[in-house]
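Welcome! Please have a look at the sequence and the structure before reading on.

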Amino acid sequence: MADTAILETPSAALSRRRTMTLNMGPQHPSTHGVLRIVLDLDGEVILKAVADIGFLHTGIEKQCETKTWQQVVPLTDRVDYLSNLANNLAYVLAVERLLQIEIPPRAQYLRVMLTEISRIASHLVWLGTHALDIGAMSMFMYCFREREEILKILEMFSGQRMMTSYLRVGGVALDAPRGWEKVVGRFLDDFPGKIDMYENLLTGNPIWTLRTKGVGYMPLEDLLDWGVTGPMLRAAGLKWDIRKDEPYSGYDKFSFDVPTRTESDVFARYMVRMAELRESLKIARQALDGMPGGAFQADAPQITLPAREKMKTQMEALIYHFKIVTEGFAVPAGEAYACVESPRGELGYYVVSDGGTKPCRVHMRTPSFGNLQILGPMLENTLIADSIAALGSMDFVLGDTDR
Amino acid sequence: MLSEQVQGMRVTQALAGAAAGAVVDGKHDRGELTLEIDAARIAEVCRFLKSDKYERLAAVTCVDVYPMEPRFEMIYHMHSIARNERVRLKCKVGGERPEIESVFPVYRGADWYEREVFDLFGVFFRNHPNMTRILMPDDWEGHPLRKDYPVHGHKYSYSRE
Amino acid sequence: MVDLLLFAFFGGLAVICGIVMITQKHPIASALSLVGAMGSLAVLYLLLGAEFIAAAQLIVYAGAIMVLFLFVIMLLNAGAEPKPMRPSWIAVAVGIPAVLVMFAMLARLIASTVPMDSLVRFGGFTGGSAKDVGNAIFRQYLLPFEVISVLVLIAILGAVVLARKEMD
Amino acid sequence: MDFIVLSLLKTGLVAFVFLTALAYLQWIERKVIAHVQVRVGPNRVGPHGLLQPLTDTIKLLTKEDLIPSHVNKFFYLLAPIIGVSMALISISVIPFGPEIEIPFTGIKTYLGLTDLNIGVLVPLACSGIGVYAVALAGWSSNNKYALLGGLRASAQMISYELPMALSIAAPLLMYNTLDMRKIVEQQGAIKFGFVYSWGIFSYLGLPFVAFILFLICAFAETNRIPFDLPEAENELVAGFHTEYSSMKFASFFMAEYANMTTICCLATVLFLGGWYPPVEFPGVNYIPGLVFVFSGLMMLYHGTVNLVRARDKYTLPAFGIIFCGIGLAHFVPFLMPILVPLFWFLSKVLFLLFLYIWVRATLPRFRYDQLMHFAWGWMFPVSIGVLFATALLVAVWK
Amino acid sequence: MPPSLPNGVPLAAYLGLSAILFALGAAGFLIRKNLITVFMCIELMLNAVNLSFVAFSYHLKQVDGHLFSFFVMVVAAAEAAVGLAIILTVFKNRSTLLVDEVDSLKL
């Protein structure tokens, strides 16, 4: 990296070779966190862009190895702090695959519903910041107003607004709270109108289309080759969604479409995500309407905590409770990879167990890490202003990238 | 040695035809196919798999099985969207001077994943264009995800500064 | 009296700016002092009753031409002259006396031809409004005006051609 | 001597009102944008945040005046001075109202600081010189973001000055003068018995096109959204004033708002009939007073009978009384000729300023090359076309 | 008002100022080495001449002098456009703006 050039004054850099090295980030309004990009500029044209990540590296994978299987769940929240339920889900799916346990339908539906609602929240953050980057400042406030509603729902279910840690190996942490149908239903009723409003403000806006159409184009082959996943791939025309192709958590019971576009530019990514908002609503609505009754945790006493009532009244339950809380549960040796469709793409957890009560290795195949690799090729020969639009359209989360 | 079930899988047969002897071991466990590949031939196998409709390299990572030898298991998660099929490749790399061929020339998406493994495990990738640290600072000592890397007692004491 | 004060102030400012311009090492400083000189001249034009010319001086000269200069300087990043300003000895030996002689001749000429009792007072001449200038341009000086428009057109084309050539 | 004393008094008054208005313009902008964005906006300092501008000023004045070590100090300090002085100068040629008689003295004077034969050219000249502030700030900061922002800003201002001058030239052809007061007085003629011949109402509405062009150029000239690329914080951090802080930053800020106000005044004078109301009917002079009294009564109603928020219990009635007082002042015979024209003038200027703020809360911003292409590929030909069409119409009409 | 001071400025003072500015421009033209600065010195000379045009125009109570300075301005604008384009090209080709080093017609 051209670290030495960064220390130079612009005049010196200019007179030396006519290009200017601009150090964008780690503190920059549009790098969405602590991403640093070293840009070689000729005027306003970017000749070369090198991403420098790792400013938010907190060693979560290493921490996972020191926690019991259940204690890892709150850590996964911190990876992608905008769609933490997807992270919870991928992790518990991997562990459940190792354990080979059956999850009751109510837990499945709760998982699906909340994951989809949190996908909406994540897309809202993306939409607000992306629009703000391009200059539509009011969108940010509107999106955060709606996100607030979602956070309230999440708080209602889990007691936490952002770091919900709501999922457990073997089900969910708590049953749905009283009156949840009304709150979730009201949100699902209101939100379509809000999406219409966003689209009114942006989709047909000539300045918005001027700024987004044809910007940040990448051909599908390059996207695949660089390991890009999620809405970016779908905006390039590949109809691939893990929820459809490798259904998990009962997604095969829901009917929804996988929106695609073919232009593979910023506008296509915007349109795909806007359509995904509506699809997520559809799924959440189906989950709300068809929510089955029954248990919210698997019938596996060694793994799931016993009900409070049972724990206070039955000796075995108390013993299980004590064992699970103090030393955790053992997971049979082996390895498993479970992936889910997070708002940003393929989120996979590769979990290795040596048969103990702590994971031997947890690798997080986070979508932002894979997606961000394309940054260099994508920004080449674009303008600074376009680079902002292209960055926004990638929808990365630095916590997700650096872990 | 390969079980009947693994030998019967399509990928295994295709690999046996294209790169005979590259598959050392394999298992089909909990619905996931894992093939152990001769570490020297990983790039070759990947090149074949890419031509065999495995468009994506989902992830590259590593497992440290310290104190066993060979110490590092390189993991490659391959994914074929066209066939809707996944396969995990595994290569054993010794702990003395861990080194393996880079698959960056085959899948450019391996770029950062290999740098990450180099950064956190210290496995060196031959033919990688930019084998530098990615997550840790450039002047970091040690490779944090190794099992013998201390969890406690960091070399810096922040409290005294 | 006010006339005299204004003249002394802005005339002095123009001279100071002129001196700064030819002594400053950095082109940007030179350019800005030139702008200062032009601004002072614009005030003097106002005193002389040339309102339109004063505005044009500010809009065209200071506002457009000098900005173009500033742009080119910034674009080329033509920093301070590398060596301490040491003009060639010929320029100093011949040029400075020549300039002085020229100045002396001009002064002599002015002293001999211009009546010293001709005083300039603000408001003494009001024929310099936009209307008068426009009348003169489009009646008396129509042909020169057209010629000058063609000249500007040619200049635009020339600038475009030159600039394009260096783009390739 | 009367002339000088009167001029000094007027200058002081205008300077005081103008600077205060600039501070409150920023309060208005924050409030309006906040309400567009479903927020409350400043509401801590004073009732409804009305003292916020004061505290902002105090804060900016008392903040440490940092001069980064790597800047070119002289030009770095010169830039905000040029910027703010150029922005403030142009208000001096704007006429706010007709000739009035100061109550109890019998002295007649014009509302406005000065009337120049070349009045319209002065704001143009000032904005031309104002480019230096931006370019110098960007260059002298010795910061790459600032340099890019400065280059962008000055290129943009120069590009949009041309169509702006052309779109001003179109109405000038109709008025046949550069004197702003004469321009407004020409628009005081009444057509069809009740409509004032505002610029935009005359000549088949062709000046309306020029008005729109002028507004677009005004947005670009003052670097406001959707043309705020020079300070596009999402790309260039803060553009040309990245390295500026405290009062120097506030100078740029003030210059921006002063430019906005001046350019809105210019639009009002050129196109919207200055201090004349839109239509003429017998009681038109009572409208301003009635508007104020009515809004005052509304506030009284909501502050006492129909109280929604407890904290409005004192503020709304107080403001209601103040508004009623202002409204009643409009009915006082010797104040009426002063206040009514001022009301019309200011309401038009405020409407245009509101437009500025409204657009800022709504639109995304252009890209740099799109902006330049828009200037040279669209604005320039269209404004030339409008100029020619106006010239033709004027030639045929007269 | 002191009687010794004339009520106005002598025309000769304007012309003298014009001469001084012209001489300054000429001197700068001779001693400066930066192409752009040399160019700016020419502009200063043009300005000086403009001043005398306008002053004479006042003296003769005719508007013609204004026209001449107006034409000079327009020509200066054209000259600046072409001249700066040439300077740009020179700099791109030779990476210098020193007049001493731009001494060959062809590279």
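Predicted model: local features only at pLDDT ≥ 70, side-chain atom pairs only at ≥ 80, totals over all residues.

Polar contacts do occur here, with 4 residue pairs counted between chain C and chain E, both residues being at pLDDT 80 or more. Which elements of chain C supply two or more residues to the side that touches chain E? They are the helices α1 (2-23), α2 (27-47), α3 (51-76), α4 (89-113), α5 (130-140) and α6 (142-167), along with the strand β1 (119-120). The most comes from α3(C), which gives 13 residues. Sorted by class, this side of chain C holds 60 nonpolar, 15 polar and 7 charged residues.

How many residues take part on each side? On the chain C side there are 82, in contact with 74 residues of chain E. Together the two chains bury about 7200 Å², and carbon and sulfur atoms account for 81% of that area. Among the 6 pairs of chains in contact, C and E are the pair that shares the most contacts.

Now turn to chain B and chain A, where 43 residues of chain B are in contact with 44 residues of chain A. The area buried between these two chains is about 3700 Å², with 53% of it coming from carbon and sulfur atoms. On the chain B side, the residues that lose the most area to chain A are B:Arg30, B:Arg108 and B:Trp112, which together make up 22% of what that side buries.

How many salt bridges cross this interface? The count between chain B and chain A is 12. To see a salt bridge for yourself, find A:Asp225 and B:Lys50, whose side chains meet at 3.0 Å, N to O. Polar contacts between chain B and chain A come to 24 residue pairs, both residues at pLDDT 80 or more. The side of chain B that touches chain A draws at least two residues from each of β1 (23-29), β2 (32-37), β3 (56-64), β4 (72-80), β5 (85-93) and α4 (110-121). By class, that side has 22 nonpolar, 6 polar and 15 charged residues.

Some chains have no contact with one another. Chain B and chain C are not joined by any contact, and their closest C-alpha atoms lie 33 Å apart. Chain B and chain D also have no contact, with their closest C-alpha atoms 25 Å apart.

## Cavities lined by chain D

There are 3 cavities of 30 Å³ or more in the model. In chain D, α3 (73-89), α4 (121-140) and α9 (246-271) each give at least two residues to the lining. That lining is made up of 10 nonpolar, 7 polar and 3 charged residues.

The second largest cavity has a volume of about 110 Å³. Its lining includes D:Met86, D:Ser90, D:Met157, D:Glu221 and D:Asn259. Two or more residues of this lining come from each of α4, α5 (144-175) and α9 of chain D. Here α9(D) gives the most, with 4 residues. The lining of this second largest cavity divides into 7 nonpolar, 4 polar and 1 charged.

Methods. Residues numbered from 1 in each chain as written. Chains lettered and ligands numbered in written order. Heavy atoms only, no water. 1 Å grid on protein atoms, 1.4 Å probe; cavity = no way out; pocket = protein on both sides within 12 Å on 5 of 7 lines; lining within 4 Å. Points joined across faces, edges and corners; volume = space filled by probe spheres on them. Nonpolar A, V, L, I, M, F, W, Y, C, P; charged D, E, K, R; others polar. Contact = heavy atoms within 4.5 Å. Buried area = accessible area lost by both parts, 1.4 Å probe. Salt bridge = Lys/Arg side-chain N within 4 Å of Asp/Glu carboxyl O. Polar contact = N/O pair within 3.5 Å; in protein donor to acceptor, adjacent residues only side chain to side chain.
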